[in-house]
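Student: I would like to learn how to read a fold from its coordinates, taking one feature after another. Could you give me the general idea each time before turning to the case at hand?

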Amino acid sequence: MNHPDISFQEQIFRESRDAVLELIEAARLKAGDLFVVGCSSSEVLGEKIGTGTSVDTAAALYRGIREALDSRQILLAGQCCEHLNRALVVEETAMQRYGLWQVNAIPQPDHAGGAFGTVCYREMKEPVLVESLQQRAAAGIDIGGTLIGMHIRPVVVPVRLSVKTIGHASILCARSRIPYTGGQRAVYDEALL
């Protein structure tokens, strides 16, 4: 397991916080919205996904992301790795609010779940693992190519931020927008785009 130095941990804390704050603004998120995070601690450290798991790295990312989300009362859903079928860690209150289905597993950093899922499970007040968000997330950030689009409600649109990487990992951000209806003559509410 990799153990990044303190200055690198502070860097990724700031980068993750700043990216999420920027995404919150761009996506016009509101209190109570569900925000999904997929994260490869290996990629953040400059290694291939799944080859350099680091709980220390995941913890620094979690702190930055959580600070940003908590400042706006937005709910976190931390995605686990493919060995847990991309199940997600959420607070029990979020599971109840969104009518999600609980599954039974405890994420582990080196076996099934990944470092970020493990840290979410350790740090949340009343963590539960849910099978899916049933496409109810309002927005999300993918740190290192972990694939989160299936969790965001349609229509999913990309969001480009001024922050392009966290550590060594590329980030991809997305938000949902209300689907358009109508045709050629339709007029749309610009505030909902």
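Tutor: Let us begin with burial, where buried means under 20% relative accessible area, exposed means over 50%, and partly exposed lies in between, with a 1.4 Å probe and protein chains only. Strands and helices are DSSP runs numbered from the N terminus, a helix being H or I over at least four residues and a strand being E over at least two. In strand S2 (residues 75-79), four of the five residues are buried, so this strand is largely enclosed by the rest of the structure. Please keep in mind that this is a predicted model, in which local features need pLDDT of at least 70 and side-chain atom pairs count only at pLDDT 80 or more, whereas totals for chains, interfaces and linings use all residues. Residues are numbered from 1 along each chain as its sequence is written, and side-chain values use heavy atoms, with hydrogens and water left out.

Student: Which strands pair with S2, and in what sense?

Tutor: Two strands are said to pair if DSSP finds at least two bridges between them. S1 and S2 pair in the parallel sense over four bridges, and Val 36 has Ala 77 of S2 as its bridge partner. S2 also pairs with strand S3 (residues 88-91), here in the antiparallel sense and over two bridges, with Gly 78 standing opposite Val 89 in S3. As a general point for reading such strands, the side chains of a regular strand alternate between the two faces of the sheet.

Student: What does the radius of gyration say about the protein chain?

Tutor: The radius of gyration is taken over C-alpha atoms, and the globule rule is 2.2 Å times the number of residues to the power 0.38. For 193 residues a compact globule would have a radius near 16 Å, and the protein chain has 16 Å, which agrees. Along the principal axes, its C-alpha atoms fill a box of roughly 60 × 35 × 30 Å. Buried residues make up 52% of the 193 residues.

Student: Which residues of the largest nonpolar core touch the most other members?

Tutor: A nonpolar core is a set of buried Ala, Val, Leu, Ile, Met, Phe, Trp, Tyr and Cys residues joined through side-chain atoms within 4.5 Å. The largest one here has 45 residues, of which Phe 35, Val 37, Ile 65, Phe 116, Ile 141, Ile 143 and Ile 171 touch the most other members. The elements that give two or more residues to this core are helix H1 (6-27), strand S1 (34-39), helix H3 (55-70), helix H5 (114-123), strand S6 (139-143) and strand S9 (169-176), and H3 gives the most, with eight residues. A second, separate core of 16 residues includes Leu 34, Leu 100, Ile 152 and Ala 174.

Student: With which residues is Ile 65 in contact, leaving aside its neighbours within four places in sequence?

Tutor: Contact means heavy atoms within 4.5 Å. With those neighbours left aside, Ile 65 is in contact with Ser 16, Arg 17, Val 20, Val 37, Leu 76, Phe 116 and Ile 143. Across the protein chain, among contacts between residues at least 6 apart in sequence, 71% join residues at least 24 apart.

Student: How many aromatic pairs are there?

Tutor: Rings of Phe, Tyr and Trp (its six-membered ring) pair if their centres lie within 6.5 Å; planes under 30 degrees apart count as stacked, over 60 as edge-to-face and the rest as tilted. By this rule the count comes to two aromatic pairs. Tyr 62 and Phe 116 form a tilted pair, 6.3 Å centre to centre with 55° between the planes, and this pair links distant parts of the chain, with Tyr 62 in helix H3 and Phe 116 in helix H5, 54 residues apart. Both Tyr 62 and Phe 116 are buried. The rings of Tyr 180 and Tyr 188 have their centres 4.5 Å apart and their planes at 35°, so that pair is tilted. Tyr 180 counts as partly exposed at 42% relative accessibility, and Tyr 188 counts as partly exposed at 34%.

Student: Which strands pair with S9?

Tutor: S6 and S9 pair in the antiparallel sense over five bridges, with Ile 171 in S9 as the bridge partner of Ile 143. Strand S7 (residues 156-159) runs antiparallel to S9 and is joined to it by four bridges. Strand S8 (residues 165-166) and S9 pair in the antiparallel sense over two bridges, and in their hairpin, which has two residues between the strands, Gly 167 takes a positive phi near 60°. Six of the eight residues of S9 are buried, so S9 is largely enclosed by the rest of the structure.
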